[in-house]
2 protein chains.
Amino acid sequence: MPASARSRLARRLPRAAMVFAALGDPTRLALVTRLCDGSRRSITQLCDGQPLTRQAISKHLRVLEDARVVRSERAGRESLYALNPQPIGELRDYIDLVSSQWDDALARLKSFVEK
Amino acid sequence: MPASARSRLARRLPRAAMVFAALGDPTRLALVTRLCDGSRRSITQLCDGQPLTRQAISKHLRVLEDARVVRSERAGRESLYALNPQPIGELRDYIDLVSSQWDDALARLKSFVEK
DNA sequence: GGGGAATGCAACTTTCTGGTTGCTTAAGAG
DNA sequence: CTCTTAAGCAACCAGAAAGTTGCATTCCCC
C-alpha cells in the first residue's frame with residue numbers, strides 16, 4: 001500500500017469506526033434495515049415490532065443520527081427519520097479496500113508458489 | 001422487498017451486528033487494516049504503533065476473533081493472527097442490499113414525479 | 001538448566017451503554 | 001378549550017467494555 005493511501009485511510013478510520021459502531025447493535029441495524037426503502041417514519045412508527053420503550057428507540061436513533069447514518073426532521077408534533085446513505089457508502093469503500101488488499105496478497109502468494 | 005428475502009435477512013441481522021460491532025472501535029479497525037495485507041503477525045508485533053498495553057490489544061484481538069473477523073494460531077511461544085475475509089464480505093452483502101433498496105426507492109420516486 | 005521473551009489469566013477500576021420510569025412540553029382533533 | 005398523542009428531558013440502574021497491574025506459564029536460546 002502506498003504511503004499516501006495509508007495516511008488518507010488512517011485519517012478516516014475514526015469516522016469509519018463510528019459508523020461501524022452505530023450499526024453494531026441488532027436494534028439499530030433493524031431500524032436501518034427498515035428505513036433503507038427510502039421511507040420517512042416517526043419514532044412511534046419505528047417502535048412497533050420491537051419489544052422496547054419509545055425512549056430506548058429514541059436513544060438508538062440519536063446514536064444513528066450522531067453517526068449521520070440517519071437524518072431527522074421535525075414535522076408538526078412528530079419527528080421523521082430517514083436514511084442517509086452516504087456514510088454506509090463510505091463503509092463500502094473501506095470494505096472494498098480491505099478486499100482488494102487481500103486479493104493482492106493472494107495473487108502475490110500464488111505467483112510466488114508457481115515460480 | 002419480498003417476504004422471503006426479509007426473513008432471510010432478519011435471521012442474519014444479529015450476526016451482522018456482531019461483526020459491525022467488532023469493527024466499531026478505532027483500535028480494532030486499525031488492527032484489521034494492518035492485517036488486511038494477508039500477513040500473519042504476533043500480538044507484540046501488533047502492539048507497536050499503538051499506545052496501549054499488550055493485554056489491551058490482546059482483548060481487542062479476542063473480540064475480533066469471537067466475531068470471526070480474525071483467526072489465531074499458536075506457533076511456538078507466540079500466537080499469530082491473520083485476517084479472515086469472509087465475515088467482512090458478508091457485511092458487504094448487507095450494504096449492497098441496503099444500497100439496492102435505496103436505489104429502487106429513488107427510481108420509484110423519479111418515475112412517480114415524471115408521470 | 002537458567003534466563004529472557006511472548007503470552008495467558010485474574011482481579012480491579014472507570015467509563016460507557018442499553019434500558020427503564022416519571023414528568024414536561026408541544027401540537028392536532030373534537 | 002380540553003383531551004389525547006408525540007416527543008423530549010432527566011434521573012437512575014445494571015451490566016458490559018476498555019484499560020490497567022501483577023503474576024503464572026510456556027517456550028526458545030545460550
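1. In chain B, strand 2 pairs with strand 3 (residues 78–83) in the antiparallel sense, over six bridges. Strands here are DSSP runs (E, at least two residues) and helices are likewise DSSP runs (H or I, at least four), both numbered from the N terminus. Two strands count as paired if DSSP finds at least two bridges between them. Within this pair, B:Glu73 has B:Leu80 of strand 3 as its bridge partner.

2. The model is predicted: local features need pLDDT of at least 70, side-chain atom pairs count only at pLDDT 80 or more, and totals for chains, interfaces and linings use all residues. Residues are numbered from 1 along each chain as its sequence is written, chains are lettered from A and ligands numbered from 1 in the order in which they are written, and side-chain values use heavy atoms, with hydrogens and water left out.

3. The sheet of chain B is open and consists of three strands in the order 1-3-2, with antiparallel pairing. Strand 1 (41–42) and strand 2 (70–75) of chain B are at the edges with a single partner strand each, so one side of each has no neighbour in the sheet. The hairpin of strands 2 and 3 of chain B has two residues between the strands, and in this hairpin B:Gly76 takes a positive phi near 65°.

4. B:Arg74 belongs to strand 2 of chain B. Is B:Arg74 buried or exposed? With a relative accessibility of 62%, B:Arg74 counts as exposed. The terms are set as follows: buried is under 20% relative accessible area, exposed is over 50%, and partly exposed lies in between (1.4 Å probe, protein chains only). B:Arg74 and B:Ala17 are 57 residues apart along the chain, and their C-alpha atoms are separated by 28 Å.

5. Turning to chain A, its secondary structure comprises five helices and three strands. Along the sequence these elements follow the pattern α-α-β-α-α-β-β-α. The three strands form an open sheet in the order 1-3-2, with antiparallel pairing. At its edges stand strand 1 (41–42) and strand 2 (70–75) of chain A; each has a single partner strand, so one side of each is left without a neighbour in the sheet.

6. Strand 2 and strand 3 of chain A are joined in the antiparallel sense over six bridges. In this part of chain A, A:Ala75 stands opposite A:Glu78 of strand 3. As a general point, side chains in a regular strand alternate between the two faces of the sheet.

7. A:Ser79 is located in strand 3 (residues 78–83) of chain A. Its relative accessible area is 18%, so A:Ser79 is buried. Which residues does A:Ser79 contact, leaving aside its neighbours within four places in sequence? They are A:Arg41, A:Ser42, A:Ile43, A:Glu73 and A:Arg74, where contact means heavy atoms within 4.5 Å.

8. The overall dimensions of chain A deserve a separate point. A compact globule of 115 residues would have a radius of gyration near 13 Å, whereas chain A has 19 Å. This radius is taken over C-alpha atoms, and the globule rule is 2.2 Å times the number of residues to the power 0.38. Along the principal axes, the C-alpha atoms of chain A fill a box of roughly 70 × 30 × 20 Å.

9. Of the 115 residues in chain A, 41% count as buried. Among contacts in chain A between residues at least 6 apart in sequence, 55% join residues at least 24 apart. The accessible surface of chain A is about 6800 Å², and carbon and sulfur atoms account for 51% of it; the areas come from the Shrake-Rupley method with a 1.4 Å probe, and for residues only the protein chains shown count as cover.

10. Helix 1 (residues 3–23) of chain A contains A:Ala10. A:Ala10 is partly exposed, its relative accessible area being 44%. A:Ala10 and A:Asp93 are 83 residues apart in sequence, and the C-alpha to C-alpha distance between them is 13 Å.

11. A:Arg68 lies in the loop between helix 4 (54–66) and strand 2 of chain A. The phi of A:Arg68 is near 60°, a positive value in a residue other than glycine. A:Arg68 is exposed, with a relative accessible area of 54%. In chain B, B:Arg68 lies in the loop between helix 4 (54–66) and strand 2; its phi is positive, near 65°, and B:Arg68 is exposed at a relative accessible area of 51%.
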